[in-house]
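Here are a few friendly notes to read alongside the model.

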Amino acid sequence: MSQERNAVGSSLPLEVRRKRSSLRLAGTSDRSAACHAPVCGAVRGDESLPADIQKKIHDHPCYSEEAHHYFARMHVAVAPACNIQCHYCNRKFDCANESRPGVVSERLTPEEAAHKVTAVASRVPQLSVLGIAGPGDACCNLENVRKTLELVRAQIPDLTFCVSTNGLGLVDCVEALQELGVTHVTITINMVDPEVGRRIYPWVYFEHRRWTGLDASKILHERQMEGLRALVSRNILVKVNSVMIPGINDEHLIEVHRVVSEHGAFVHNVMPLLSDPQHGTHFGLTGQREPTHEELAALRDQLGGGARAMRHCRQCRADAVGMLGEDLGAQFTMDRLGEAVPYDPTQRAAYRSIAEREREDHRTARRVLRRHLAVVATGPTLLVAVASRGGARINEHFGHAKELHVFEVSPSGVQFVGQRRIPKYCNGGWGDEDAMAGILEAARGVSALLCARVGECPKAALAEHGIEVSDEHAHEWMETGVSAWYVGRLAKTGLGQSA
Ligand code: CLF
Ligand code: SF4
């Protein structure tokens, strides 16, 4: 990695910084423009939150959708043991509550973990959060968590500490977590009705014995609620993760959302069940299906009020490193780290001021994008996908994209809907026709795909399926590119009515 690239990190590539001043859309530099419409950035924008909450989530990539374009997290896999069994988990792999099933992480001692964090913090300037998300349960491995966080805090005072747990042992750990400086905790809550829980959890291990059936689910539910209340009473910000399991808890998650919101959860992250039979989980082996993109989006849309609905989760590994959606973990394995060296804060400090300027420009652009849409009185609601490699810009080549950022656009605004993984189309200079099938599947329902560059062949292949691929908005902010494309599409097709 070059010095220059390193100084701003991969989320703000060099061409973005070079083009910052020349690539703004007309009007986006008008900082005085106000927006009171319920459009992108106004509904779930961080600006509407109380100042103390804004401060807590400002640089947390999971708790703030906006922050995830600018800040990175890293996980250290120091928590191997677990005290429950989930039907979507195979113990050979990581905790699927906050990781993709089928992934094995490099397990570390606290000393190794602290060494790794120091190396990453010196070389990944976007790093803002250290998370412990497995491979088992953090509360089940409290001594490892304690030692790791103490070692890291002694060297890097400003990292945010974030922990993920199934909640069974949480209430006994809350005090210790607070003393360690943990400010953000995720609890995976898949049910608030033990009858639903018995179809998800075959057993829990509690007070020196194994509980099964309804008893297991009752204990887990009561302990999760107790843990949630204890965290909230101590002003620790809580994210609730729920795995959406069609036919088991999908409809029930609306009730889960209501209850956890009442208990003070700040974010609710509904994640799709991943049940590939190759991962050897109970659900995978018994044919439990995964939800579709549409089902997931529809459920998230119903989670109104209370906790914010998270839509940008990437179901990371328990040893993930980098921006959400990228994983630099392979560059920081223990065998590559070498001797421990003292933490160098230079790059993180330099990055912050650059990121703040970019972020302010992005906010301004989102506020004024209604000007693009103001020319349209009526028009259809469309889905538009964007290929981005970071920094909230349309800046990825079609052939290199590994995920699509999907937005819903209508005359009333642009709203982020979620990410969809796609297979990479370009492999060393030629297109992979097998990948096209996966891309088409992921792009189902999408009217257009905006990217930095695209070849004629994939463009034609997608056009055959009614998807327009365009590089006309390359390097624009994602939302402003989407709104500009929408206005152009309506003008071309006559589908909308002018204001
Ligand atoms: Fe890690 Fe989780 Fe903290 Fe984030 S991940 S412990 S809250 S720092 Fe984030 Fe990854 Fe989704 Fe988790 S994208 S799986 S929500
Ligand atoms: Fe697996 Fe995590 Fe569930 Fe434990 S809590 S069984 S590690 S998914």
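1. A crossing is left-handed if the near helix is turned anticlockwise from the far one by less than a right angle, and right-handed if clockwise. By that rule, H4 crosses H5 in the right-handed sense. Helices here are DSSP runs (H or I, at least four residues), numbered from the N terminus.

2. A word on the source: this is a predicted model, where local features need pLDDT of at least 70 and side-chain atom pairs count only at pLDDT 80 or more. Residues are numbered from 1 along each chain as its sequence is written, and side-chain values use heavy atoms, with hydrogens and water left out.

3. H4 (residues 110–123) packs on H5 (residues 142–155) at about 35°, and their axes are 9 Å apart. Axes are lines fitted to C-alpha atoms over the stretch in contact, with angles running from 0 to 180 degrees between N-to-C directions. Residues in the contact (heavy atoms within 4.5 Å) include Ala113 and Val117 of H4 and Leu151 and Val152 of H5.

4. H15 (residues 433–442) and H16 (residues 456–464) cross at roughly 45°, their axes coming within 11 Å. This crossing is right-handed. Met436, Ile439 and Leu440 of H15 meet Pro458, Ala461 and Leu462 of H16.

5. Does the model hold any cysteine pairs, or how many disulfides (cysteine sulfur atoms within 2.5 Å) are there? There are zero. For Cys140, the nearest cysteine sulfur belongs to Cys82, 6.0 Å away.

Technical notes
Chains lettered and ligands numbered in written order. Disulfide = S-S within 2.5 Å. Helix = DSSP H or I, 4+ residues; strand = E, 2+ residues; numbered from the N terminus.
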